[in-house]
Amino acid sequence: MSFLKKTCSIFLFFLLALCILPAPLLAQTTTVPDLTGLNVPQAAAALNTAGLALGVENAILWSSESPVVADVIGGQLIDAGTSAEPGSAVDVTVYRSPNVTLIYDDNDLTLVNRSNGDLNVNDVTFNALDGNNASFAASQWTDTVRGMQCLQVWSVGRNGAKGLDECRLIQTWRVTTNPAEHFWTGAGGTTRFSVSQAGSEVIVCEVANPGRCDFYLPPAGRSGDITDYVYFAYTQDRLAIINTSED
């Protein structure tokens, strides 16, 4: 076989291979879409269309000064318009509206669950950042605070809980006369305290009389901030509906 015939045969072989191989195997990279302003299910759909996957959701507390509206994506780890390998996961930053409020004065503090769902508080701790360096573990209340209900703690003797308009029900309350747990009262000159979950600081609140502090906690039953959504995968002749949550 002549050199020209060998060359033509090799070319035809590779041309045939390109026609036979599925399109996903031919694509080496894909373009990352812009996820800004999308909610998490919309972002997952856009990434899937591009052959990518949704990665970790990093929650940031939304405020009126945030660049996007609440509960949508305001940032992504891999910039829009850049190239990525098919199947790559794209981490996103989600601006979450507050679902927890602390209401407090010199004597008492109430944790308000503003959402309709349960919130885990068994790994939530409060720590004075100066003054008496007091600390309090939310697990002394309960593991979970139910939707639209409240937890309350008093630094002075009390015969019952104090009702608040923000609370459908005071789920549980307690009294602690131990100054080492009075993180919110200003004892010892305390001016600030932190709220942490699983060792990570969520927010820093100012001591005041009265005081109020808003922040966000992931819903109960999740290891992190994960949005439940239903995933549709389909071709011309079939449709799969996939529940991405553990529920």
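Are Glu57 and Arg96 buried or exposed? I started my notebook with that one, keeping in mind that this is a predicted model. I found that Glu57 is buried, and Arg96 is buried too.

**Entry 1: the pair I began with**

I looked at how these two side chains meet, and they form a salt bridge, 3.0 Å from N to O. Then I checked where they sit along the chain. Glu57 belongs to strand 2 (residues 53-61) and Arg96 to strand 5 (residues 89-96), so I wrote down that the bridge links distant parts of the chain, 39 residues apart.

**Entry 2: other salt bridges**

How many salt bridges does the structure hold? I got eight. One of them joins Glu181 to Arg174, with 4.0 Å between the closest N and O atoms. Glu181 has 15% relative accessibility, so it counts as buried. Arg174 comes out at 22%, so it counts as partly exposed. The cut-off I needed here is that buried means under 20%.

Next I looked up Asp237 and Arg238, whose side chains meet in a salt bridge at 3.6 Å, N to O. Both of these residues are exposed. I also noted a network of salt bridges that links Arg114, Glu166, Arg212 and Asp214.

**Entry 3: disulfides**

I moved on to the cysteines and found two disulfides in the structure. Cys150 and Cys167 make one of them, with their sulfur atoms 1.9 Å apart. The torsion about their S-S bond is about -100 degrees, so I put this disulfide down as left-handed. It links distant parts of the chain: Cys150 is in strand 12, while Cys167 is in the loop between strand 12 and strand 13 (169-175), 17 residues apart. Cys150 and Cys167 are both buried.

Cys205 and Cys213 form a disulfide as well, and I read 2.0 Å between their sulfur atoms. This link is left-handed too, with -75 degrees about the S-S bond. Both Cys205 and Cys213 are buried. Counting the bonded cysteines along the chain, I get the pattern 1-2, 3-4.

**Entry 4: the nonpolar cores**

Which residues have the most contacts inside the largest nonpolar core? My list reads Leu102, Leu109, Phe126, Trp141, Phe183, Phe193 and Val195, out of 26 residues in that core. I then looked for the strands that each supply at least two of its residues; among them are strand 6 (100-104), strand 7 (108-113), strand 9 (124-128) and strand 14 (192-197). Apart from this core lies another one, of 12 residues, including Val32, Leu47, Ala50 and Ala84.

**Entry 5: a look at strand 9**

Strand 9 has a covered face with Val124, Phe126 and Ala128, and an uncovered face with Thr125 and Asn127.

What does strand 9 pair with? I found five bridges joining strand 9 to strand 14, and the two run antiparallel. The bridge partner of Asn127 in strand 14 is Ser194. Strand 9 also pairs with strand 10 (residues 135-137), in the antiparallel sense, over three bridges. Here Thr125 stands opposite Ala137 in strand 10.

How many residues lie between strand 9 and strand 10 in their hairpin? I noted six, and Gly131 in the turn has a positive phi of about 60 degrees.

Key. Residues are numbered from 1 along each chain as its sequence is written. This is a predicted model: local features need pLDDT of at least 70, side-chain atom pairs count only at pLDDT 80 or more; totals for chains, interfaces and linings use all residues. Side-chain values use heavy atoms; hydrogens and water are left out. A nonpolar core is a set of buried Ala, Val, Leu, Ile, Met, Phe, Trp, Tyr and Cys residues joined through side-chain atoms within 4.5 Å. Buried means under 20% relative accessible area, exposed over 50%, partly exposed in between (1.4 Å probe, protein chains only). Helices (H or I, at least four residues) and strands (E, at least two) are DSSP runs, numbered from the N terminus. A disulfide is a pair of cysteine sulfur atoms within 2.5 Å. Two strands pair if DSSP finds at least two bridges between them.
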